[in-house]
Amino acid sequence: MTKSALQIARAAYQPKLPKALTGAVMVKEGEPTQSVADQEAIQKLFPNTYGMPLIQFVEGESKEYAPMNVGVILSGGQAPGGHNVISGLFDGIKKLNPANKLYGFILGPGGLVDHKYMELTADIIDEYRNTGGFDIIGSGRTKLEKEDQFEKGYEILKELGIKALVIIGGDDSNTNACVLAEYYAAKNYGIQVIGCPKTIDGDLKNDMIETSFGFDTACKTYAEVIGNIERDCNSARKYWHFIKLMGRSASHIALECALQTQPNICIISEEVEAKNMSLDDIVTYIAQVVADRAAAGNNFGTVLIPEGLIEFIPAMKRLIAELNDFLAHNGEEFNSIKRSKQRDYIISKLTPENAAIYASLPEGVARQLSLDRDPHGNVQVSLIETEKLLSEMVATKLAAWKEEGKYVGKFAAQHHFFGYEGRCAAPSNFDADYCYSLGYTASMLIANGKTGYMSSVRNTTAPAAEWIAGGVPITMMMNMERRHGEMKPVIQKALVKLDGAPFKKFAACREAWAKETAYVYPGPIQYFGPTEVCDEPTKTLQLEQAK
Ligand code: FBP
């Protein structure tokens with residue numbers, strides 16, 4: 001494989017590990033745990049894996065470990081650093097016993113069910129160290145949730161002599177990892193299941209999981225390009241740039257990018273919901289900033305829009321919830337109806353309030369809302385062109401204000417969607433180190449017989465040597481939520497907290513950023529150079545952990 005000079009240099013990077021993991025380790029057990037909510041219901045569903053203690057690895061005596069085989073799965077959307085989780089896991093198990101073997105299941109959880117796998121040898125692992133992407137074994141969104149899938153998985157795990165399976169995924173995939181851990185424990189199959197927190201969206205986090213991997217690199221990649229657009233915008237002074245940023249649900253990516261680049265406007269979905277804002281309220285807010293800047297002679301600006309916005313507008317949320325339930329039960333009938341009649345069919349089936357909103361939506365947006373769900377039953381928000389919807393509505397509002405003599409500027413918009421551009425970027429030093437540590441920690445959880453745990457690395461704004469490695473029972477992060485029309489145990493999604501330090505910082509600055517042109521141009525991720533440049537964690541982490 002031909003490689004660039006940077007790829008060659010980067011391949012030689014040795015990720016940093018927490019000091020406690022650099023030698024032999026032992027387990028320090030904490031207090032028993034409880035789920036974040038719905039304790040009784042979760043305990044009933046997870047009798048074998050509920051209430052386990054938190055775990056921390058500390059320096060210990062070296063001991064001998066019998067040889068074992070381990071399996072690994074990459075699940076869901078790509079996130080920078082996945083290859084380093086696998087290389088950390090590989091190095092960890094090889095250190096325990098060089099005879100240990102690692103098997104990768106191909107194209108996500110489906111590979112386990114369909115028995116598609118490959119052995120990951122040292123040569124293969126070395127090709128992928130510190131690289132972006134999930135292409136070493138591929139990823140997929142098959143939902144592992146049915147007993148027959150668990151049994152099919154067990155067949156191949158038994159055949160390959162696999163003692164433990166590591167599932168690298170987001171909140172839904174780790175929920176499934178927990179269900180699988182419980183199932184194998186209940187059946188006494190002797191197979192451990194360990195999760196790893198992955199998602200660029202940053203919404204799999206809590207007191208024990210400080211951040212999901214990939215968030216750091218993806219945000220830095222988007223912030224670099226947003227900074228470039230801001231500089232173009234400030235040079236030509238003729239466009240308003242509407243930039244939609246990935247993040248299916250939470251607005252962490254948009255917020256982090258705003259903190260890094262100081263745009264004129266950033267919409268935070270969680271705030272829209274809390275303030276019960278309508279689509280028109282959002283449009284009016286943007287149009288007012290445009291008008292104020294125009295009055296000061298600035299017919300240009302940048303607007304950041306989180307991908308999941310539509311679902312957070314309360315009226316839209318109610319509509320989507322009804323659509324999700326309805327399509328979960330009537331999907332077949334809906335799909336059998338002629339495309340040209342589907343809109344009327346949906347309108348005829350919804351409650352009057354939701355039918356009226358659905359009918360008022362532009363054709364394209366209404367269509368996206370009724371399209372196929374992803375395997376987890378979610379609307380595919382990345383397909384909704386919110387950036388165009390908003391800029392069109394802002395243009396219409398400004399035209400009306402112009403007629404009333406309230407606005408005299410010019411408004412020309414450009415649209416961008418940054419999502420896939422950042423998901424496979426070569427991991428920043430932070431993600432390279434964090435992911436390697438997560439994988440290495442997973443190997444220690446396995447060696448110590450744990451199941452139903454998520455690999456956890458904390459104290460991440462300190463130098464890597466001071467990071468704290470351990471495990472968190474996945475049941476601890478769970479609550480009951482309605483999915484596909486039924487109550488299910490799921491890991492609670494971490495949305496942007498409006499009383500959290502990152503949002504408060506943004507809220508304190510946004511008025512000035514709207515008026516002034518206070519852009520910051522972060523530039524590309526740096527891998528070599530001073531540590532304050534190369535190892536800087538996200539603004540979100542820095543603000544959340546500020547003492
Ligand atoms: P995960 O939740 O699996 O990490 O994926 C997140 C994400 O990148 C979202 O930001 C985005 O909405 C979605 O994946 C896109 O999914 P797909 O890759 O299937 O188009």
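Student: Which domains does the domain assignment of the protein give?

Tutor: This is a predicted model, where local features need pLDDT of at least 70, side-chain atom pairs count only at pLDDT 80 or more, and totals for chains, interfaces and linings use all residues. Residues are numbered from 1 along each chain as its sequence is written, and side-chain values use heavy atoms, with hydrogens and water left out. Domain bounds come from an automatic or database domain assignment. The assignment gives domain 1 (63-214 + 427-472), domain 2 (217-307 + 385-421 + 495-547) and domain 3 (310-383).

Student: How many residues of domain 1 are in contact with residues of domain 2?

Tutor: The centres of domain 1 and domain 2, taken over C-alpha atoms, are separated by 35 Å. Contact means heavy atoms within 4.5 Å. On the domain 2 side 21 residues take part, and on the domain 1 side the number is 18.

Student: Which residues have the most contacts inside the largest nonpolar core?

Tutor: A nonpolar core is a set of buried Ala, Val, Leu, Ile, Met, Phe, Trp, Tyr and Cys residues joined through side-chain atoms within 4.5 Å; buried means under 20% relative accessible area, exposed over 50%, partly exposed in between (1.4 Å probe, protein chains only). The largest such core has 74 residues, and those with the most contacts inside it are Ile86, Val166, Tyr222 and Leu245.

Student: Which helix gives the largest share of this core?

Tutor: The core draws at least three residues from each of domain 1 and domain 2. Helices (H or I, at least four residues) and strands (E, at least two) are DSSP runs, numbered from the N terminus. The largest share, 11 residues, comes from helix H19 (residues 429-447).

Student: Is Lys205 buried or exposed?

Tutor: Lys205 sits in the loop between strand E7 (192-197) and helix H8 (215-236). Its relative accessible area is 15%, so Lys205 is buried.

Student: With which side chain does the side chain of Lys205 make a polar contact?

Tutor: A polar contact is a pair of N or O atoms within 3.5 Å; within protein, one must be able to donate a hydrogen and the other to accept it, and residues adjacent in sequence count only if both atoms are side-chain atoms. For Lys205 the distance is 2.8 Å, and the partner is the side chain of Glu544.

Student: How far from an oxygen atom of the ligand is the polar side-chain atom of Arg423?

Tutor: For Thr199, an N or O atom in the side chain is 2.8 Å from a ligand oxygen atom. For Arg423, the distance from a polar side-chain atom to a ligand oxygen atom is 2.9 Å.
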